[in-house]
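Here is a short report on one protein chain. Please look through the sequence and the model first.

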Amino acid sequence: MGIVQNRKASLIFKIISVFICAAGLASASGILQGHYRQVTFFYYTNLSNLFCLLYWIAAVLFCVKAIHRDGVQGALCFVPRIKGAVVVMITITMIIFWLFLATGGASIDSIVRHLLVPILMILDWILFDPIGKLRKTDPFVWLLIPVAYYLFIMFVAQTDVIFYNGTSFPYFFLNYIQMGWGKAVAVVFFLGLGFMLLGFLMVGLNFIFEKKMISKNK
């Protein structure tokens, strides 16, 4: 982490990421085609991409201010713990899609949202973020994200919203009506566990690199 100690490079990377992420969401939501799809941001994929977009926009502003105030040298990160949550969110999007949801060929905007944006966010973290900014308890806090999403979808399922698959659920593995409560709860449990383990992996790597840096500076 913090491999590139140049804030101007970080700024350029983030600006490019903003445009790529925005283009993917604009296409997925139907805005580019002239009609907005109302269920767009009920999908976890699009929500995680939206969080990436909002984070990058805030990070661009933060980076511009830091360059103006302190110069171009040095690693920096806008609210590292929120950045960590966003990295985990979008990484889960990539893993779940390519392991369980991808069937046949993927559209360009799907590749952008499920592969390119996750890779860009992970690279942003690895290349530009300072180390030692995450806490051991962060993965427990980040776990609130999938829990909140699950509760949100359970609420939506009680309304008249219909998703692209013709059901009241955006993903088959959340459909407790078809799967039964037992299987649905088991799936949600393991998804939450995977989310938390990925968070611990991220925090663990952060601590490993922090120790290496301390040892190197002694």
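## Overall fold

In what order do the elements of the protein chain run from the N terminus on? They run α-α-α-α-α-α-α-α. The protein chain has eight helices and zero strands. Helices (H or I, at least four residues) and strands (E, at least two) are DSSP runs, numbered from the N terminus.

This is a predicted model: local features need pLDDT of at least 70, side-chain atom pairs count only at pLDDT 80 or more, and totals for chains, interfaces and linings use all residues. Residues are numbered from 1 along each chain as its sequence is written, and side-chain values use heavy atoms, with hydrogens and water left out.

## Size and packing

The C-alpha atoms fill a box of roughly 60 × 40 × 30 Å along the principal axes.

Of the 218 residues, 44% are buried. Buried means under 20% relative accessible area, exposed over 50%, and partly exposed in between (1.4 Å probe, protein chains only). Among contacts (heavy atoms within 4.5 Å) with a separation of 6 or more, 75% join residues 24 or more positions apart.

## Helix 1 against helix 4

Helix 1 (residues 7–28) and helix 4 (residues 108–128) have axes that come within 10 Å and cross at roughly 160°. Axes are lines fitted to C-alpha atoms, for helices over the stretch in contact, and angles run from 0 to 180 degrees between N-to-C directions. The two helices are therefore roughly antiparallel; the cut-off is over 145 degrees.

The crossing is left-handed: the near helix is turned anticlockwise from the far one by less than a right angle. The contact divides into eleven nonpolar, four polar and four charged residues. Ala, Val, Leu, Ile, Met, Phe, Trp, Tyr, Cys and Pro count as nonpolar, Asp, Glu, Lys and Arg as charged, and the others, Gly among them, as polar.

## Helix 2 against helix 4

Helix 2 (residues 44–70) and helix 4 have axes within 11 Å, crossing at roughly 40°. This crossing is left-handed. Thr45, Asn46, Asn49, Cys52, Tyr55 and Trp56 of helix 2 meet Arg113, His114, Val117, Leu120, Met121 and Asp124 of helix 4. Six of these residues are nonpolar, four polar and two charged.

## Val79

Val79 lies in the loop between helix 2 and helix 3 (80–101). Its phi is near 50°, a positive value in a residue other than glycine. Val79 is partly exposed, at 35% relative accessible area.

Methods:
Angles under 35 degrees count as roughly parallel, over 145 as roughly antiparallel, 65 to 115 as roughly perpendicular and the rest as oblique.
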